[in-house]
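Me: I have a chain open here and have not looked at it before. Can you walk me through it?

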Amino acid sequence: PDPAYTAGARINRHVPAHSFVAANSPGMFPPFRCLDYRPKIIDSISDVKSGDYYIRYGDLQDVLPNLGADFIPLASFQRKSVLGALFDAREVFWLNYKYEIFRKV
């Protein structure tokens, strides 16, 4: 299954309505019922830490290396290649990106 849809379904089921959900850009939000939440595009780590949940997408460990003790990982979703590396989505690299959902403690 597509990790974006799986992550979005997880948010819809497990994140309380009206929660502040942050991500780095609009394209990084998985498809979820955003009108039930307060989505926010963040500019800095302080914006992330002011929220309830954070969605990290792709190879952003370089951009946001450490969320500190303020957040715990809830779930992680990434496409698995059924036929191995020979048939993965290297040409469309964002299909291999991982979605991670974090909750503020």
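Me: What does the accessible surface come to, and how much of it belongs to carbon and sulfur atoms?
Reply: This is a predicted model. The accessible surface of the protein chain is about 6,400 Å², and carbon and sulfur atoms hold 57% of that.

Me: And what share of the residues count as buried?
Reply: Of the 105 residues in the protein chain, 36%.

Me: OK, the fold. How many helices and strands are there?
Reply: Two helices and five strands. Along the sequence the pattern reads α-β-β-α-β-β-β.

Me: In what order do the strands sit in the sheet?
Reply: The order is S2-S1-S3-S5-S4, in an open sheet with mixed pairing. Strand S2 (38-41) and strand S4 (71-78) each have a single partner strand, so one side of each is left without a neighbour in the sheet. From one strand to the next, the twist averages 20 degrees.

Me: What packs on the sheet?
Reply: Helix H1, residues 3-14, does. H1 touches S3, S4 and strand S5 (98-104), and its direction makes about 140 degrees with that of S4.

Me: Back to S3. Do S1 and S3 run parallel or antiparallel?
Reply: Parallel, with two bridges joining S1 (residues 20-23) to S3 (residues 53-57). Val-21 stands opposite Tyr-53 in S3.

Me: And S3 with S5, parallel or antiparallel?
Reply: Antiparallel, joined by five bridges. Ile-55 has Ile-101 in S5 as its bridge partner.

Me: Which residues of S3 are buried, and on which side?
Reply: Tyr-53, Ile-55 and Tyr-57 are buried on one side, and Tyr-54 and Arg-56 on the other.

Me: Change of topic. What is in the largest nonpolar core?
Reply: That core has 17 residues, and Ile-11, Val-21, Ile-55 and Tyr-99 have the most contacts inside it. H1, S1, S3, S4 and S5 each give two or more residues to this core. Apart from it lies another core of eight residues, including Phe-20, Ile-42, Phe-71 and Phe-102.

Terms used:
Residues numbered from 1 in each chain as written. Predicted model: local features only at pLDDT ≥ 70, side-chain atom pairs only at ≥ 80, totals over all residues. Heavy atoms only, no water. Pairing = 2+ DSSP bridges. Helix = DSSP H or I, 4+ residues; strand = E, 2+ residues; numbered from the N terminus. Axes fitted to C-alpha atoms, helices over the stretch in contact; angles between N-to-C directions. Contact = heavy atoms within 4.5 Å. Core = buried A, V, L, I, M, F, W, Y, C linked by side-chain atoms within 4.5 Å. Buried < 20%, exposed > 50% of the residue type's maximum accessible area, 1.4 Å probe, protein only. Areas by Shrake-Rupley, 256 points an atom, 1.4 Å probe, with all protein chains shown as cover.
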